[in-house]
Amino acid sequence: MNSPRRTVKVAAPVLVAVAAGVVAVAVLPTSPPAGGSGQAKAAATPVARRPVEDRSDPATWTLPIEPYLFSKAEVRAMNRSRDRLIADCAKDAGLPDSGPAYDGPGTDGRTETDLRYGIHDAALAARRGYHPDAADQEARDRAMAAGAVDPAGADADVLRGCSASAGLTVPAPVQAEVVQAIMRDSYAESAKTPEVVAVFARWSACMKAKGYSYAKPTDVDDDPRFHARDGVGDVEIATATADVACRTRIPVAKVWFEAESALQTKAIRANQDVLNTVRAGVEQAVGRAAAADRAVGAADS
């Protein structure tokens, strides 16, 4: 499985990341801490996250890098604020309302860790195999289709201007380059660690006993038979059900999560000064979005 992708609506992105050249050094998880452990500046106050984890539910786990990125909830909130500003600007320019942007569940999991290491919901697997919940998918497809076309007769320059104007008030929630690199590299490198390779082998043996031949969990995710948009077949459901059953017996997700967390911790230490700046930018951007919402609410009341 490739590292889950975050789909973000960005019309005129305002990056909160520091300059790319600053973070080009030592972003790999295997890099040693730069300048010694005592040289990093004191970290900013972490962004508020979700409740205490449930060891049986990967969606409740938190990776070390998460305080330095925009959470899914923050992305949705910031995009709501931007959409509202763009809509108001377009209305003032005489353009028709194109309708609200989609603001429901995504197809890449409830949280960063929900589907990062594979499926784990037995009930959903029995209904949908490797596909997202049918109601969530339908709602998302319907909303995306409705918002895919610009208002009839809309002036592209006006729309671009409204987007740029909104970006000055609420920056687009673009993940910092260093954070993206750590997320990407730690995922790939953790899959090669001895403990993860070993748990993959145990999972593979379990699947083999059930009649399925996959060397590792990412192989089943890449099976092209399970990516059709027009329905979920019996083979997919049977495979997914077996997959979750093996994951229930063999802690694939937990072992993988722990290995990746260790690599991310090393990478964070190597880039602590840069990441402190990134985190401050995240908090500032989220705060600006909240302030914009309050201002709009006050104007509407």
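Figure 1. Residues are numbered from 1 along each chain as its sequence is written, and side-chain values use heavy atoms, leaving out hydrogens and water. As the model is predicted, local features need pLDDT of at least 70 and side-chain atom pairs count only at pLDDT 80 or more, while totals for chains, interfaces and linings use all residues.

Figure 2. The protein has 10 helices and 0 strands (DSSP runs numbered from the N terminus: H or I of at least four residues for helices, E of at least two for strands). From the N terminus on, the elements run α-α-α-α-α-α-α-α-α-α. Take the contacts between residues at least 6 apart in sequence: 85% join residues at least 24 apart (contact means heavy atoms within 4.5 Å).

**Figure 3. Helix 8 and its cover.** Helix 8 spans residues 234–249, 16 residues in total. From first C-alpha to last, helix 8 reaches 23 Å, close to the 22 Å expected at 1.5 Å a residue (1.5 Å times one less than the number of residues). Its buried residues are Glu 236, Ile 237, Thr 239, Ala 240, Ala 242, Asp 243, Val 244, Cys 246 and Arg 247. Their cover includes helix 2 (122–128), helix 6 (194–209), helix 7 (217–221) and helix 9 (252–270).

**Figure 4. Helix 6 against helix 8.** The two axes come within 9 Å and cross at roughly 135° (lines fitted to C-alpha atoms over the stretch in contact; angles run from 0 to 180 degrees between N-to-C directions). Helix 6 contributes Arg 202, Trp 203, Cys 206 and Met 207 to the contact. Helix 8 contributes Thr 239, Ala 242, Asp 243, Cys 246, Arg 247 and Arg 249.

**Figure 5. Helix 5 against helix 9.** Helix 5 covers residues 177–190. The axes of helix 5 and helix 9 come within 9 Å and cross at roughly 135°. This pair is therefore oblique. On helix 5, the contact is made by Ile 182, Met 183, Ser 186, Tyr 187, Glu 189 and Ser 190. On helix 9, Trp 256, Ala 259, Glu 260, Leu 263, Gln 264 and Ala 267 take part.

How values were computed:
Buried < 20%, exposed > 50% of the residue type's maximum accessible area, 1.4 Å probe, protein only. Parallel < 35°, antiparallel > 145°, perpendicular 65-115°, else oblique.
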